[in-house]
Amino acid sequence: MGSQTTWQRIARSGLIGRDVRQACEGYVLFTPYNTSNFTVLIDPEGKEVHRWTHQDMRGGYGYLLPNGNIHFDGRLAAKVDHLGPLFSEFRGGAIHELDKDSNIVWSHADASHHHDSKRRREYGLMHISTMEMPEDYARKLAPEREGPIYADTVISSEPDGKEIWRWRSWEDLDVEDPRNALRQGPGLWLHLNGIELGGDGTFTVSARNIHSVMVINRHSGAVEERYGPGKTAENFWGQHDPRLLPNGNILLFDNGWFRPAGLSWSRVIEFERGSGKIVWEYKDSPAFNFYSAYISGVDPCPNGNVLVTEGQTGRLFQVTRAGEVVWEYINPHFAPSSGGIDNCVFRSRF
């Protein structure tokens with residue numbers, strides 16, 4: 001049966017609770033972030049209504065397309081060694097569109113891709129990729145450092161995979177700015193973990209290692225807005241999944257990774273663009289009851305609730321704007337991963 005801790009988690013998997021009066025009724029899509037190799041769609045009662053299989057693609061992240069297919073970022077089973085020792089822990093590599101029968105109807109390959117990609121007609125395919133930072137920039141970023149530094153790019157491609165444009169982070173961020181210092185990982189700089197496409201010719205990225213969210217002009221590459229240290233009240237730490245809301249604000253999962261002083265805890269925040277003012281937050285009481293050091297995400301529901309993915313524990317839940325949890329589900333699909341046997345979920349979508 002495994003350890004007692006694991007058994008307690010398995011015993012409380014699937015649908016945990018549902019308030020039919022306040023929960024937003026709809027389907028939830030998620031992919032176990034392990035070797036299960038499938039994506040599932042569940043109904044409000046937690047019952048599986050559809051499954052897409054990914055052959056040798058390990059759990060990643062997917063979202064539904066208007067035509068009923070899914071867009072999926074697959075994790076290659078083979079390790080990638082040319083981008084430093086940490087890259088294989090969060091690698092992607094294959095971007096697919098799958099029909100309802102799990103047939104690949106479109107794909108794009110990039111061994112340096114990781115974490116996220118989005119497709120939209122006016123943007124093409126936008127995906128995060130990593131490469132070695134040029135030596136002259138690396139020397140300015142970390143003068144005493146030996147060995148390469150790996151830095152992220154965002155690539156825009158045509159449907160046939162032809163590259164249109166590439167944002168090179170080191171060219172549009174000041175590598176000598178203390179806010180952009182090299183902090184975590186052996187030579188890993190920004191660690192972009194999410195991309196969101198705006199309707200105004202911009203895209204928004206989350207840079208986990210510098211605790212920042214940036215809004216970038218798709219045409220010039222200029223960073224038009226930046227939130228995090230020195231800008232957002234009560235800074236966020238090691239965040240994931242910035243989402244652009246209809247009211248213009250940004251919804252975000254604040255992991256609380258490397259949060260200074262005291263115990264680690266997570267929260268969900270909504271803040272205003274421009275001012276950086278936090279206008280809404282959700283955290284548990286005591287705060288450390290809700291915590292995921294890595295992965296995780298948020299998704300706004302049509303009725304105003306927020307679907308939250310507490311990724312490290314495989315916990316998906318809906319919370320109202322009053323802070324009440326009204327739907328809760330624990331991923332029951334445990335399988336081997338790099339950390340052992342777990343039920344982690346990178347993100348879920350309503």
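Two strands pair if DSSP finds at least two bridges between them, and strands themselves are DSSP runs (E, at least two residues), numbered from the N terminus, as are helices (H or I, at least four). With that settled, select Leu 307: this residue stands opposite Gln 318 in S23. A word on what you're looking at: this is a predicted model, where local features need pLDDT of at least 70, side-chain atom pairs count only at pLDDT 80 or more, and totals for chains, interfaces and linings use all residues. Residues are numbered from 1 along each chain as its sequence is written, and side-chain values use heavy atoms, with hydrogens and water left out.

**Stop 1**

Now widen the selection to residues 306–310 and 315–319. These are strands S22 and S23, which pair in the antiparallel sense over five bridges. They belong to an open sheet of five strands, antiparallel in its pairing, with the order S1-S24-S23-S22-S21. Select 14–18 for S1 and 297–300 for S21, and you have the edge strands, each pairing on one side only. From one strand to the next, the twist averages 15° (axes are lines fitted to C-alpha atoms, for helices over the stretch in contact, and angles run from 0 to 180 degrees between N-to-C directions).

**Stop 2: salt bridges**

How many salt bridges does the structure hold? There are 25, where a salt bridge is a side-chain nitrogen of Lys or Arg within 4 Å of a carboxyl oxygen of Asp or Glu. Pick Arg 18 and Glu 45: this pair forms one, with the closest N and O atoms 3.8 Å apart. It links distant parts of the chain, since Arg 18 sits in strand S1 and Glu 45 in the loop between strand S3 (38–42) and strand S4 (48–53), 27 residues apart. Arg 18 counts as partly exposed because its relative accessibility is 32%; the classes are buried under 20% relative accessible area, exposed over 50% and partly exposed in between (1.4 Å probe, protein chains only). Glu 45, at 40%, is partly exposed too.

Glu 48 is partly exposed at 38%, and so is Arg 51 at 34%.

**Stop 3**

Select Asp 116, Lys 118, Asp 241, Arg 347 and Arg 349 together: salt bridges link them in a network. Zoom in on Asp 241, found in strand S17 (residues 240–244). Its phi is near 60°, a positive value in a residue other than glycine. Is Asp 241 buried or exposed? Buried, because its relative accessibility is 3%.

**Stop 4: Asn 217**

Asn 217 lies in strand S15 (residues 212–217) and is buried, with a relative accessible area of 17%. A polar atom of its side chain lies 2.8 Å from the backbone nitrogen of His 219. Show its contacts (heavy atoms within 4.5 Å) and, leaving out residues up to four places away in sequence, you'll find Trp 165, Gly 201, Thr 202, Phe 203, Ala 222 and Glu 224.

**Stop 5**

Last, go to the loop between strand S20 (278–282) and S21, where Pro 286 lies. The peptide bond from Ser 285 to Pro 286 is cis, with omega near 0°. Ser 296 is in the loop between S20 and S21 as well. Phi of Ser 296 is near 90°, a positive value in a residue other than glycine, and Ser 296 is buried at 0% relative accessibility.

Key:
A polar contact is a pair of N or O atoms within 3.5 Å; within protein, one must be able to donate a hydrogen and the other to accept it, and residues adjacent in sequence count only if both atoms are side-chain atoms.
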